Amino acid sequence: MHLFSRTGWLRAAACALLLGAGGAAQAATGVVFVHGTGDQSVSSATTGYWTQSSIDTMRNGQPYLIIGYPGATCAGFSQCSWGPIVDQIVPWMNANNITSFTVITHSNGSSPVRYMLGHTGAVSANGNTVNTVVSRISQVIFMAPDLTGTPLANKVTTSGSFLNIANSIVEFFGGGSYNNPAVVQQRTDNMSVYNSNGTFAGGQGATTVGGKPISVVRGNRVYANLFSSDAYCGGYLYSIGLKAAALLGWGSFNASTDGFIGTESSGYFGNIIIDDGRLNHHQSRRSCHNSGNLVAQKVANAPIPPPSSQTYAPETNVAAAGLACNNYYSGYATDFMNGHTVWKYGCSSSMLTNGYAEPDCLISYGYSSSYKVPSTASWNPYLNAAYYPAWTEVCPDSWQGDGICDACLVAKYGFDATTGSSGANDCVQAPPGGSNWCGDLAYDTYWGLHNYAVVQALH
């Protein structure tokens, strides 16, 4: 065997590097993200629509491109919608030698991509032919796609206003201009025409469009129960707004819905790879409930289990106050109001079923033995004046939305928030590194009595 000297090996390596530098760049795969209704810049689509953490989860380490385009003022079939998408992908492909890429869309972002798949000869404003892009698409992943329209679009374009639709879902219609072209396009009657006349490619039940495999990620209900952390991923107010839309039938006429898109629309065609009862319309773009990791596997062409066999990491089933204030945990804390050391009762598994209305069990899990919240019944310990020796009032409604997550208000009403759909919810858990001020029954070790104390919970 011939052995190179160390010096000779280094020379050989240097030559190889020089040859590589002077030769063709290595071909690469990538991921392109296309947002839904709304006029987004690349910056706003990155930080406000998808979020960097969700993008990084789904792209699975591959080079990526975030598209920004006028997704509200331009309908999906208009050149001003699909054109900028093409014109952003072409230079990105060329600069990074991208020979194959996955397209991930959310909501009505499916529409301009469907147009592109069916009109490969169309030319953008910058003179780029659609096929230049489509020819390099390896697969398309539609997340919560609006394939046949949504009754919400019917409602807002008919009435001209949201009426009682929560402010938190205004952005799904482009920020408030309800009669913009993209929303009008999403009316169910209009989408029926566009699906039948070839405007948008993709027939009912198809698993490929233009030879490209189509995968669908969708939710089939909105889970906004106060007593589950499932509702908090991506923002609790979004879950509340989408829940209201679902309950009123505005997300679907006769089928299950993610709050904004009915499953008859999201499942019109494509291979459904995620069909999750916890994944609402907003959460699907935020990689909630393991959806981002499953999408990453699909991006890497790795096998993923069918929806019926997918398992989820357990999530803590505690109430808002329990999440924000750790009321299920017992231990010492400092009462912010008087500086005394207090003992937080907490709630062990045995306390849940001991036959008593244990305060922290009520707030952490929504029940304690046979007692449940919300309730104004006399058994409720939060309405017992004996527990408020240092206070002049017993859990007044004036404490709502004051910046303190009051367990007593959660026990009375199920929430502690100011009036109105977009009001501040004091019991939404602060992000990591933040904290919540929390009011709860505790034992004051200085006075040797029970009292309503305000403590700080760090996260």
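Predicted model: local features only at pLDDT ≥ 70, side-chain atom pairs only at ≥ 80, totals over all residues.

Reader: OK, so what share of the chain's residues counts as buried?

Author: The chain has 459 residues, and they come with 15 helices and 14 strands. By the under-20% cut-off, the buried share is 52%.

Reader: And of the contacts between residues at least 6 apart in sequence, how many join residues at least 24 apart?

Author: A contact here means heavy atoms within 4.5 Å. Taking the contacts between residues at least 6 apart, the share that joins residues at least 24 apart is 67%.

Reader: On to the rings. How many aromatic pairs are there?

Author: Two rings of Phe, Tyr or Trp pair up if their centres lie within 6.5 Å. By that rule the count is 19.

Reader: Take Phe172 and Tyr238: are their rings stacked, edge-to-face or tilted?

Author: A pair of rings is described by the distance of the centres and the angle of the planes. Under 30 degrees would be stacked and over 60 edge-to-face. Here the centres are 6.0 Å apart and the planes stand at 55°, so the pair is tilted.

Reader: How many residues apart in sequence are the parts that this pair ties together?

Author: Phe172 is in the loop between helix 7 (151-159) and helix 8 (181-185), while Tyr238 belongs to helix 10 (residues 236-247). Phe172 is buried at 4%, and Tyr238 also counts as buried, at 18%. The parts they tie together are apart in sequence by 66 residues.

Reader: What about Tyr268 and Phe269, stacked or edge-to-face?

Author: Tyr268 counts as buried at 17% relative accessibility, and Phe269 does at 1%. Their ring centres are 6.0 Å apart with planes at 65°, so this pair is edge-to-face.

Reader: Which charged residue sits over the ring of Tyr49?

Author: The test asks for NZ of Lys or CZ of Arg within 6 Å of the ring centre. At 4.1 Å from the centre of the Tyr49 ring, the charged end belongs to Arg285.

Reader: Last one: is Trp343 buried, partly exposed or exposed?

Author: Trp343 lies in strand 9 (residues 341-344). Together with Tyr332 and Tyr443 it forms a nonpolar surface patch of about 330 Å² accessible area. Its own relative accessibility is 30%, so Trp343 counts as partly exposed.

Definitions and conventions: Residues numbered from 1 in each chain as written. Heavy atoms only, no water. Patch = residues over 30% accessible without salt bridge, like charges linked within 9 Å, V, L, I, M, F, W, Y side chains within 5 Å. Areas by Shrake-Rupley, 256 points an atom, 1.4 Å probe, with all protein chains shown as cover. Salt bridge = Lys/Arg side-chain N within 4 Å of Asp/Glu carboxyl O. Helix = DSSP H or I, 4+ residues; strand = E, 2+ residues; numbered from the N terminus. Buried < 20%, exposed > 50% of the residue type's maximum accessible area, 1.4 Å probe, protein only. Lys NZ or Arg CZ within 6 Å of the ring centre and 35° of its normal.
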